[in-house]
Amino acid sequence: MAKEEADAPRADCDLRFSSAVYSLDTIKKAAYRLSGHCSFDFEVVGGEILCRLHFAQALSSERMAAIKNGFRNEVLDQDLRRTIAEETGPMRNAILAYAFSRTGLQDGDEV
Amino acid sequence: MATKFERREHFEASLGNGYRLLPFSFSPLNDRDYILTNQAGQYTLLDRPTLEDLVRHRLEPRSDAYATLKSQHFLLDSDSNVAVDLLALKVRTKNSQFTNFTGLHIFVPTLRCEHSCPYCQVSRQSDDKTAFDMSFETANRSLGMVFRSPSPAIKIEFQGGEPMLNFELIRHIVVCAERINQIEHRNLQFVIATNLALVNDDVLSYCKAHDILISTSLDGPKDLHNRNRPRPGGDSYERTVAGIAKARDILGRDRVSALMTTTEASLGRVVEIIDEYVRLNFDRIFLRPLSPYGFAIKTKSYQAYDADDWLDFYFCGLKYILQLNRDGLYFVEHYASIILSRMLTPFESGFVDLRNPAGIGIGALVYNYDGEVYASDEGRMLAEMHDKTFRLGNVHENTWEEIMTSSALLDPLEQSFAGSVPMCFECAYQPYCGAEPVFHYATQGDFVGHKPSSAFCHRNMAITRHLIELLRTDEDANRILMSWLRI
């Protein structure tokens with residue numbers, strides 16, 4: 001592709017992630033955070049998750065690159081959040097149950 | 001010889017056995033660092049590599065980060081045998097306000113007002129229409145509802161319109177509430193939200209006798225205030241300033257507070273607005289944006305600026321206030337003090353807008369002049385725009401149980417609960433934010449809202465980030481902000 005063509009403003013772009021590394025759920029959560037900027041289509045093709053980003057207006061290549069980088073970083077963050085949730089989910093519920101026990105909100109509670 | 005402390009080896013032995021993560025959320029603070037918050041709302045800051053090391057269990061046990069994360073309940077090792085109990089206790093303390101139930105009860109004695117402010121959020125009526133006055137019977141039935149709340153602290157706030165236009169009813173409600181409270185023994189407090197234009201010695205003497213607080217509106221210097229708040233004679237500012245002086249003389253300085261509202265005309269004048277508050281001897285200001293209700297929508301006042309315009313205004317004001325403090329004047333920005341108190345103390349503020357579950361109904365109730373009960377003042381404002389989504393019932397038709405279990409209350413409470421809302425449930429700023437179903441319903445059409453484009457979310461995250469940066473990078477600002485904590 002000629003440089004001028006690559007630098008021309010565009011209203012959509014594609015990003016690909018390995019489905020062996022990231023879950024579709026992780027990608028969708030990351031996409032939601034960017035949904036103030038653009039809308040998304042997802043497709044699982046072979047071993048890849050294809051994300052197509054659609055913008056209301058054509059963006060400069062610099063702006064487009066910044067949003068793509070932001071999306072990649074958000075996918076990394078979401079993957080980390082998934083790891084934390086898997087390890088701490090039962091503990092989260094146990095702490096809440098313990099914190100709200102004996103509140104008088106349930107029959108038989110002694111406050 | 002007995003020792004008070006275990007030997008060093010005792011603690012080091014526990015470090016070799018690895019650690020477990022405790023539940024926490026994280027969000028970017030800036031390009032480099034992340035904020036982490038635990039279930040009790042305690043926060044710490046880490047760079048991305050350290051965050052990654054923490055989650056992947058690669059954190060060096062003798063590092064400073066490890067000690068901090070352990071002491072603040074982000075991780076657990078074999079030596080932390082009381083950490084879970086302590087964290088649960090902190091979670092319980094943070095949420096203790098919910099057991100008290102509804103503490104704020106807003107009465108609208110009349111919708112009449114002699115001002116004609118274009119940004120009025122309650123769509124006031126001209127002051128000759130007594131059809132918009134609350135009757136004694138409606139007041140009595142409303143008071144019956146107030147004391148059904150189990151809250152040990154009851155605040156009755158008179159809003160309007162201009163409530164002083166129906167002062168006879170205020171007297172009636174105060175006397176009746178005091179009589180009921182001789183049996184109930186609650187911590188009972190009264191506030192009148194008034195423009196002070198009609199205040200006189202008799203009214204203030206009554207307020208003195210019954211320990212009633214005054215909350216007034218002051219938008220800044222004379223020209224700005226009178227432009228924002230027109231009334232016959234164009235003398236709103238003169239009357240408000242005179243009223244503040246008179247009220248302080250009779251009630252005492254600390255019994256009179258003021259609130260400002262930011263209009264488009266205010267945007268470039270935050271320093272002048274703050275100076276006006278300083279000149280009038282207030283020790284704080286609440287820099288508030290317009291709300292999307294009532295005449296503020298009809299006259300397009302709300303649409304005249306966006307969240308970023310207001311944030312520029314706010315940060316400029318905060319910078320100036322910090323400078324005033326550096327120069328020796330104790331002066332507080334109220335919104336910052338609310339957020340800081342949530343960040344840095346074990347307690348929640350009573351501020352209804354920043355609660356999760358939302359403060360509607362279970363934090364505040366509104367009894368309108370016509371007996372209609374609303375889940376919040378903003379819900380009442382929407383109703384004046386012919387949208388009764390947040391109408392919970394009527395004091396003449398419904399019981400307390402029917403009102404407090406109505407789907408008009410439970411649906412928005414449940415749907416907007418941040419623990420199950422996209423983005424909010426994993427947001428590290430959430431412990432310092434609120435659910436706000438009424439704002440999102442008014443601006444985006446549903447109780448949950450689309451948070452990536454929510455002005456409420458954008459505004460609160462920006463302010464919280466800014467405060468955290470000030471706390472860690474500016475020693476002077478840190479000292480000043482800590483002095484604003486509300487304990």
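Residues are numbered from 1 along each chain as its sequence is written, while chains are lettered from A and ligands numbered from 1 in the order in which they are written. Since the model is predicted, local features need pLDDT of at least 70 and side-chain atom pairs count only at pLDDT 80 or more, whereas totals for chains, interfaces and linings use all residues.

Chain A holds three helices and three strands, where helices (H or I, at least four residues) and strands (E, at least two) are DSSP runs numbered from the N terminus. Along the sequence these elements follow the pattern α-β-α-β-β-α. Of the 111 residues in chain A, 16% are buried; a residue is called buried if 20 or more other C-beta atoms lie within 10 Å of its own, exposed if 12 or fewer, and partly exposed in between, with C-beta atoms placed from the backbone. Among the contacts in chain A with a separation of 6 or more, 70% join residues 24 or more positions apart, a contact being a pair of residues whose C-beta atoms, placed from the backbone, lie within 7 Å.

The strands of chain A form an open sheet of three strands in the order β1-β3-β2, with antiparallel pairing; two strands pair if DSSP finds at least two bridges between them. Its edge strands are β1 (10-18) and β2 (39-45) of chain A, each of which pairs on one side only. With direction ignored, neighbouring strands of this sheet are turned by 20° against each other on average. β2(A) is joined to β3(A) (residues 48-59) by seven bridges, the two strands running antiparallel, and F40(A) has L53(A) in β3(A) as its bridge partner. Helix α2 of chain A (residues 24-33) lies across β1, β2 and β3 of chain A and runs at about 165° to β2(A); axes here are lines fitted to C-alpha atoms, for helices over the stretch in contact, and angles run from 0 to 180 degrees between N-to-C directions. Helix α3 of chain A (residues 61-99) also packs on the sheet, touching β1 and β3 of chain A, and its direction makes about 30° with that of β1(A).

Chain B is divided into domain 1 (20-94) and domain 2 (101-404), with bounds that come from an automatic or database domain assignment. The C-alpha centres of domain 1 of chain B and domain 2 of chain B lie 39 Å apart, and their contact takes five residues from domain 1 and four residues from domain 2. On the domain 1 side, the largest share, three residues, comes from α4(B).

Chain B also contains an open sheet of eight strands, in the order β10-β9-β8-β7-β6-β13-β14-β15, with mixed pairing. Its edge strands are β10 (256-259) and β15 (391-394) of chain B, each pairing on one side only, and the twist averages 25° from one strand to the next. β9(B) and β10(B) pair in the parallel sense over four bridges, and I214(B) stands opposite V256(B) in β10(B). Packed on this sheet is α10(B), which touches β9 and β10 of chain B and whose direction makes about 165° with that of β9(B).

Strand β9 of chain B includes T216(B), which is buried, with 20 other C-beta atoms within 10 Å. Leaving aside residues up to four places away in sequence, T216(B) touches T194(B), N195(B), L196(B), T240(B), G243(B), I244(B) and A258(B).

In helix α8 of chain B (residues 201-209), V203(B), L204(B) and C207(B) are buried. They are on the same side of α8(B) because they cover an arc of only 95° around the axis, the arc being that of the directions from the helix axis to the C-beta atoms. D201(B), D202(B), S205(B) and A209(B), on the other side of α8(B), are exposed. The cover over the buried residues of α8(B) includes α7 (167-184), β9 (212-217) and α10 (236-251) of chain B. After α8(B) comes D211(B), whose phi is positive, near 55°.

The contact between the chains takes 18 residues from chain B and 19 residues from chain A. On the side of chain B that touches chain A, the elements giving two or more residues are α2 (48-55) and α4 (83-94) of chain B, and the largest share, five residues, comes from α4(B).

Terms used: Two residues are in contact if their C-beta atoms, placed from the backbone, lie within 7 Å.
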